[in-house]
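This report describes a single protein chain for a reader who has not seen it before.

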Amino acid sequence: MPAFATGWRRYVPVIGYHHVLMIFIAIAIVLLSLLLAGCSSTSPLIPDIYLISLYYQQYPAIFSTVQVDPSVTTAIANIVGNANLNVRVGYFGICVQEGGGAWMCNQNATALADLVTVDQDPLNLIWVANTFKDAIVFPYLIIIAIILAFLTFLLLATFPGWHTTRTEDGSEHEVKPFPSRAVSQVALATIFIASVFVLVSVMWQHTAAVAASQVAQDLGNGSVRSGVGTSAMVLGWFGFGLLVVVTLGLLVMILSIQLLDRLTDED
(Lines give C-alpha, C1' and ligand atoms only; values in the text may rest on other atoms or scores of the structure.)
Protein backbone atom coordinates (compact mmCIF):
# COMPACT_ATOMS: atom_id res chain seq x y z
CA MET A 1 0.00 0.00 0.00
CA PRO A 2 2.73 2.58 0.78
CA ALA A 3 4.39 1.81 -2.57
CA PHE A 4 1.09 2.44 -4.37
CA ALA A 5 0.58 5.71 -2.52
CA THR A 6 4.09 6.85 -3.39
CA GLY A 7 3.58 6.00 -7.06
CA TRP A 8 0.25 7.86 -7.12
CA ARG A 9 1.76 11.00 -5.58
CA ARG A 10 4.47 10.94 -8.21
CA TYR A 11 1.93 11.54 -10.96
CA VAL A 12 -0.30 14.03 -9.12
CA PRO A 13 1.99 17.03 -9.80
CA VAL A 14 1.85 16.24 -13.50
CA ILE A 15 -1.90 17.03 -13.48
CA GLY A 16 -2.08 20.78 -13.01
CA TYR A 17 -5.03 23.05 -12.37
CA HIS A 18 -5.21 23.99 -16.04
CA HIS A 19 -5.31 20.33 -17.05
CA VAL A 20 -8.60 19.92 -15.17
CA LEU A 21 -10.01 22.93 -17.02
CA MET A 22 -8.84 21.42 -20.31
CA ILE A 23 -10.68 18.18 -19.50
CA PHE A 24 -13.88 20.14 -18.85
CA ILE A 25 -13.48 21.99 -22.15
CA ALA A 26 -12.91 18.72 -24.04
CA ILE A 27 -16.06 17.21 -22.54
CA ALA A 28 -18.07 20.33 -23.40
CA ILE A 29 -16.83 20.25 -27.00
CA VAL A 30 -17.85 16.58 -27.31
CA LEU A 31 -21.32 17.26 -25.89
CA LEU A 32 -21.94 20.26 -28.15
CA SER A 33 -20.65 18.34 -31.17
CA LEU A 34 -23.09 15.52 -30.43
CA LEU A 35 -25.85 18.09 -30.16
CA LEU A 36 -25.04 19.43 -33.63
CA ALA A 37 -24.79 15.89 -35.04
CA GLY A 38 -28.31 14.95 -33.93
CA CYS A 39 -30.49 13.44 -36.68
CA SER A 40 -27.68 13.79 -39.23
CA SER A 41 -27.22 10.04 -39.70
CA THR A 42 -28.63 6.64 -38.72
CA SER A 43 -25.66 5.88 -36.46
CA PRO A 44 -26.59 4.44 -33.05
CA LEU A 45 -28.21 7.01 -30.73
CA ILE A 46 -27.87 9.87 -33.26
CA PRO A 47 -31.61 9.80 -34.22
CA ASP A 48 -32.41 10.05 -30.50
CA ILE A 49 -30.73 13.48 -30.34
CA TYR A 50 -33.38 15.79 -31.78
CA LEU A 51 -34.89 19.21 -31.15
CA ILE A 52 -38.54 18.36 -31.81
CA SER A 53 -40.48 15.34 -33.00
CA LEU A 54 -43.76 15.31 -34.93
CA TYR A 55 -45.76 12.13 -35.36
CA TYR A 56 -49.23 10.95 -36.28
CA GLN A 57 -51.30 9.56 -33.43
CA GLN A 58 -55.04 9.45 -32.89
CA TYR A 59 -56.09 10.85 -29.50
CA PRO A 60 -59.14 12.66 -28.10
CA ALA A 61 -59.20 16.14 -29.58
CA ILE A 62 -59.14 19.16 -27.29
CA PHE A 63 -62.14 21.45 -27.70
CA SER A 64 -62.30 25.08 -26.66
CA THR A 65 -64.74 27.97 -26.92
CA VAL A 66 -61.94 29.85 -28.74
CA GLN A 67 -62.16 27.44 -31.69
CA VAL A 68 -64.22 28.90 -34.54
CA ASP A 69 -64.68 25.50 -36.24
CA PRO A 70 -64.24 22.62 -33.77
CA SER A 71 -65.39 20.10 -36.37
CA VAL A 72 -62.19 20.58 -38.35
CA THR A 73 -60.58 17.92 -36.13
CA THR A 74 -62.84 15.33 -37.74
CA ALA A 75 -61.76 16.40 -41.21
CA ILE A 76 -58.10 16.22 -40.18
CA ALA A 77 -58.61 12.76 -38.68
CA ASN A 78 -60.16 11.55 -41.93
CA ILE A 79 -57.22 12.92 -43.92
CA VAL A 80 -54.65 11.35 -41.59
CA GLY A 81 -56.34 7.97 -41.60
CA ASN A 82 -53.92 5.24 -40.48
CA ALA A 83 -50.73 7.23 -41.01
CA ASN A 84 -47.99 6.23 -38.57
CA LEU A 85 -45.00 8.43 -39.45
CA ASN A 86 -42.55 9.87 -36.93
CA VAL A 87 -40.40 12.87 -37.91
CA ARG A 88 -37.49 14.20 -35.83
CA VAL A 89 -35.54 17.38 -36.46
CA GLY A 90 -31.91 18.13 -35.62
CA TYR A 91 -29.65 21.07 -36.35
CA PHE A 92 -28.44 19.70 -39.67
CA GLY A 93 -30.71 16.77 -40.46
CA ILE A 94 -34.14 15.17 -40.33
CA CYS A 95 -35.02 11.59 -39.45
CA VAL A 96 -38.24 9.76 -40.35
CA GLN A 97 -39.58 6.43 -39.16
CA GLU A 98 -42.57 4.60 -40.57
CA GLY A 99 -44.54 2.25 -38.35
CA GLY A 100 -41.77 1.68 -35.83
CA GLY A 101 -39.32 0.53 -38.50
CA ALA A 102 -35.76 1.65 -39.15
CA TRP A 103 -34.85 5.32 -39.08
CA MET A 104 -34.05 7.11 -42.33
CA CYS A 105 -31.99 10.28 -41.85
CA ASN A 106 -30.83 12.87 -44.35
CA GLN A 107 -29.87 16.52 -44.49
CA ASN A 108 -31.98 16.85 -47.63
CA ALA A 109 -35.69 16.81 -46.78
CA THR A 110 -36.64 16.35 -50.43
CA ALA A 111 -34.78 13.03 -50.50
CA LEU A 112 -36.77 11.87 -47.47
CA ALA A 113 -40.07 13.06 -48.94
CA ASP A 114 -39.40 11.00 -52.07
CA LEU A 115 -39.24 7.87 -49.90
CA VAL A 116 -42.65 8.48 -48.33
CA THR A 117 -46.09 8.07 -49.90
CA VAL A 118 -49.06 10.43 -49.53
CA ASP A 119 -50.82 8.01 -47.19
CA GLN A 120 -47.79 7.91 -44.91
CA ASP A 121 -47.47 11.71 -44.59
CA PRO A 122 -50.85 13.25 -45.52
CA LEU A 123 -50.25 16.50 -43.56
CA ASN A 124 -46.71 17.04 -44.86
CA LEU A 125 -44.96 16.74 -41.51
CA ILE A 126 -41.61 16.35 -43.29
CA TRP A 127 -42.15 19.74 -44.92
CA VAL A 128 -43.14 21.29 -41.58
CA ALA A 129 -40.03 19.82 -39.96
CA ASN A 130 -37.82 21.12 -42.76
CA THR A 131 -39.34 24.60 -42.40
CA PHE A 132 -38.53 24.54 -38.69
CA LYS A 133 -34.94 23.47 -39.40
CA ASP A 134 -34.31 26.07 -42.11
CA ALA A 135 -36.25 29.05 -40.76
CA ILE A 136 -35.90 28.77 -36.98
CA VAL A 137 -32.90 26.63 -36.05
CA PHE A 138 -29.58 28.54 -35.97
CA PRO A 139 -26.57 26.32 -35.24
CA TYR A 140 -23.79 28.76 -36.04
CA LEU A 141 -23.47 30.31 -32.60
CA ILE A 142 -22.72 26.84 -31.21
CA ILE A 143 -20.19 26.26 -33.99
CA ILE A 144 -18.43 29.53 -33.12
CA ALA A 145 -18.56 28.59 -29.43
CA ILE A 146 -16.90 25.24 -30.16
CA ILE A 147 -14.13 27.01 -32.10
CA LEU A 148 -13.58 29.48 -29.25
CA ALA A 149 -13.58 26.67 -26.69
CA PHE A 150 -10.97 24.79 -28.72
CA LEU A 151 -8.88 27.98 -28.92
CA THR A 152 -9.09 28.23 -25.13
CA PHE A 153 -8.00 24.59 -24.91
CA LEU A 154 -4.91 25.39 -26.98
CA LEU A 155 -4.13 28.45 -24.87
CA LEU A 156 -4.37 26.40 -21.68
CA ALA A 157 -2.02 23.84 -23.21
CA THR A 158 0.68 26.55 -23.27
CA PHE A 159 0.50 27.02 -19.49
CA PRO A 160 3.70 25.88 -17.78
CA GLY A 161 3.53 22.71 -15.72
CA TRP A 162 5.02 21.96 -12.34
CA HIS A 163 8.48 20.44 -12.35
CA THR A 164 11.42 19.81 -10.06
CA THR A 165 14.89 21.28 -10.31
CA ARG A 166 18.15 20.47 -8.56
CA THR A 167 20.12 23.14 -6.76
CA GLU A 168 23.89 23.31 -6.49
CA ASP A 169 23.84 21.35 -3.24
CA GLY A 170 21.95 18.49 -4.94
CA SER A 171 18.57 19.03 -3.28
CA GLU A 172 15.35 18.98 -5.30
CA HIS A 173 12.83 21.81 -5.29
CA GLU A 174 9.39 21.95 -6.88
CA VAL A 175 8.99 24.83 -9.31
CA LYS A 176 5.42 26.07 -9.82
CA PRO A 177 5.62 28.86 -12.42
CA PHE A 178 2.69 31.17 -13.09
CA PRO A 179 1.17 31.26 -16.59
CA SER A 180 1.40 34.36 -18.70
CA ARG A 181 -1.06 37.01 -17.61
CA ALA A 182 -1.84 38.01 -21.20
CA VAL A 183 -2.50 34.41 -22.27
CA SER A 184 -4.68 33.85 -19.20
CA GLN A 185 -6.78 36.92 -19.94
CA VAL A 186 -7.20 35.97 -23.60
CA ALA A 187 -8.26 32.45 -22.55
CA LEU A 188 -10.77 33.92 -20.09
CA ALA A 189 -12.21 36.21 -22.76
CA THR A 190 -12.60 33.44 -25.35
CA ILE A 191 -14.22 30.95 -22.97
CA PHE A 192 -16.54 33.66 -21.64
CA ILE A 193 -17.71 34.54 -25.15
CA ALA A 194 -18.14 30.83 -25.91
CA SER A 195 -20.28 30.44 -22.77
CA VAL A 196 -22.49 33.38 -23.77
CA PHE A 197 -22.95 32.01 -27.29
CA VAL A 198 -23.92 28.58 -25.96
CA LEU A 199 -26.33 30.13 -23.44
CA VAL A 200 -28.06 32.14 -26.17
CA SER A 201 -28.22 29.11 -28.47
CA VAL A 202 -29.57 26.73 -25.84
CA MET A 203 -32.22 29.21 -24.66
CA TRP A 204 -33.16 29.89 -28.28
CA GLN A 205 -33.28 26.16 -28.97
CA HIS A 206 -35.44 25.44 -25.93
CA THR A 207 -37.91 28.28 -26.53
CA ALA A 208 -38.24 27.62 -30.27
CA ALA A 209 -38.65 23.85 -29.81
CA VAL A 210 -41.35 24.19 -27.16
CA ALA A 211 -43.26 26.82 -29.14
CA ALA A 212 -43.05 25.01 -32.48
CA SER A 213 -44.04 21.63 -31.05
CA GLN A 214 -47.06 23.10 -29.25
CA VAL A 215 -48.28 24.99 -32.31
CA ALA A 216 -47.87 21.92 -34.52
CA GLN A 217 -49.81 19.75 -32.07
CA ASP A 218 -52.61 22.30 -31.80
CA LEU A 219 -52.94 22.51 -35.58
CA GLY A 220 -53.15 18.73 -35.82
CA ASN A 221 -55.51 18.56 -32.85
CA GLY A 222 -56.53 14.94 -32.30
CA SER A 223 -54.23 13.52 -35.01
CA VAL A 224 -50.71 14.91 -34.54
CA ARG A 225 -48.52 14.68 -31.47
CA SER A 226 -45.27 16.52 -30.86
CA GLY A 227 -42.45 16.50 -28.34
CA VAL A 228 -39.23 18.25 -27.38
CA GLY A 229 -35.98 16.29 -27.45
CA THR A 230 -34.76 15.71 -23.90
CA SER A 231 -31.33 14.47 -24.98
CA ALA A 232 -30.66 17.63 -26.99
CA MET A 233 -31.65 19.81 -24.05
CA VAL A 234 -29.42 17.87 -21.67
CA LEU A 235 -26.43 18.04 -24.01
CA GLY A 236 -26.88 21.77 -24.51
CA TRP A 237 -27.28 22.71 -20.85
CA PHE A 238 -24.51 20.37 -19.67
CA GLY A 239 -22.15 21.82 -22.27
CA PHE A 240 -23.03 25.32 -21.11
CA GLY A 241 -22.54 24.35 -17.48
CA LEU A 242 -19.06 22.98 -18.14
CA LEU A 243 -18.03 26.14 -19.99
CA VAL A 244 -19.27 28.23 -17.08
CA VAL A 245 -17.18 26.13 -14.68
CA VAL A 246 -14.10 26.72 -16.85
CA THR A 247 -14.84 30.45 -17.02
CA LEU A 248 -15.13 30.71 -13.24
CA GLY A 249 -12.03 28.54 -12.82
CA LEU A 250 -9.95 30.81 -15.02
CA LEU A 251 -11.30 33.90 -13.31
CA VAL A 252 -10.41 32.54 -9.87
CA MET A 253 -6.94 31.59 -11.09
CA ILE A 254 -6.24 35.07 -12.53
CA LEU A 255 -7.49 36.83 -9.40
CA SER A 256 -5.43 34.51 -7.19
CA ILE A 257 -2.27 35.19 -9.20
CA GLN A 258 -2.89 38.95 -9.00
CA LEU A 259 -3.36 38.70 -5.23
CA LEU A 260 -0.13 36.73 -4.84
CA ASP A 261 1.71 39.30 -6.96
CA ARG A 262 0.46 42.10 -4.71
CA LEU A 263 1.46 40.26 -1.56
CA THR A 264 4.90 39.58 -3.04
CA ASP A 265 5.37 43.23 -4.02
CA GLU A 266 4.42 44.34 -0.50
CA ASP A 267 7.01 42.00 1.00
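## Aromatic rings

The count of aromatic pairs in this predicted model comes to 4. One of them joins Phe138 and Tyr140: the ring centres are 5.3 Å apart and the planes stand at 75°, so the pair is edge-to-face. Another pair, Phe150 with Phe153, is stacked, with 6.4 Å from centre to centre and 5° between the planes. Both Phe150 and Phe153 belong to helix α6 (residues 140–157), where they are 3 residues apart, about one turn of the helix. Ring pairs also link Phe138, Tyr140 and Trp204 into a cluster.

| Residue | Relative accessible area | Class |
|---|---|---|
| Phe138 | 37% | partly exposed |
| Tyr140 | 46% | partly exposed |
| Phe150 | 44% | partly exposed |
| Phe153 | 24% | partly exposed |

A ring can also face a charge. The charged end of Arg225 sits over the ring of Tyr59, at 3.8 Å from the ring centre.

Which residues make the nonpolar surface patch? Ile136, Phe138, Tyr140, Phe192, Ile193, Val196, Val200 and Trp204 do, and the patch covers about 710 Å². The cluster residues Phe138, Tyr140 and Trp204 are therefore among the members of this patch. Helix α7 (residues 181–219) gives the most to the patch, with 5 residues. Ile136 is placed in the loop between α5 (125–135) and α6, and with 34% relative accessibility Ile136 is partly exposed.

## A buried tyrosine

Tyr56 is found in strand β1 (residues 52–56). Is Tyr56 buried or exposed? Its relative accessibility is 4%, so Tyr56 counts as buried; the cut-off for buried is under 20%. Leaving aside residues up to four places away in sequence, Tyr56 touches Val80, Ala83, Asn84, Leu85, Gln120, Asp121, Pro122, Leu123, Asn124, Leu125, Ser223 and Val224. One of these, Leu123, is 67 residues from Tyr56 along the chain, while the C-alpha atoms of Tyr56 and Leu123 are separated by 9.2 Å.

## Salt bridges

Side chains of opposite charge can pair when their charged atoms come close. The structure holds 2 salt bridges. In one of them, Asp48 pairs with Arg88, and the closest N and O atoms are 3.0 Å apart. Asp48 is partly exposed at 36% relative accessibility, whereas Arg88 is buried at 13%.

The side chains of Lys133 and Asp134 also meet in a salt bridge, with 3.2 Å from N to O. Here Asp134 is exposed, with a relative accessible area of 52%, whereas Lys133 is buried at 11%.

## The chain as a whole

The secondary structure consists of 8 helices and 7 strands. The chain has 267 residues, and 39% of them are buried. Among contacts with a separation of 6 or more, 76% are between residues 24 or more positions apart. The chain exposes about 15,000 Å², and carbon and sulfur atoms supply 67% of that area.

Key
Residues are numbered from 1 along each chain as its sequence is written. This is a predicted model: local features need pLDDT of at least 70, side-chain atom pairs count only at pLDDT 80 or more; totals for chains, interfaces and linings use all residues. Side-chain values use heavy atoms; hydrogens and water are left out. Helices (H or I, at least four residues) and strands (E, at least two) are DSSP runs, numbered from the N terminus. Buried means under 20% relative accessible area, exposed over 50%, partly exposed in between (1.4 Å probe, protein chains only). Contact means heavy atoms within 4.5 Å. Accessible areas come from the Shrake-Rupley method with a 1.4 Å probe; for residues, only the protein chains shown count as cover. Rings of Phe, Tyr and Trp (its six-membered ring) pair if their centres lie within 6.5 Å; planes under 30 degrees apart count as stacked, over 60 as edge-to-face and the rest as tilted. A charge sits over a ring if NZ of Lys or CZ of Arg is within 6 Å of the ring centre and within 35 degrees of the ring normal. Patches are made of residues with over 30% relative accessible area and no salt bridge: like charges are joined within 9 Å, nonpolar side chains (Val, Leu, Ile, Met, Phe, Trp, Tyr) within 5 Å. A salt bridge is a side-chain nitrogen of Lys or Arg within 4 Å of a carboxyl oxygen of Asp or Glu.
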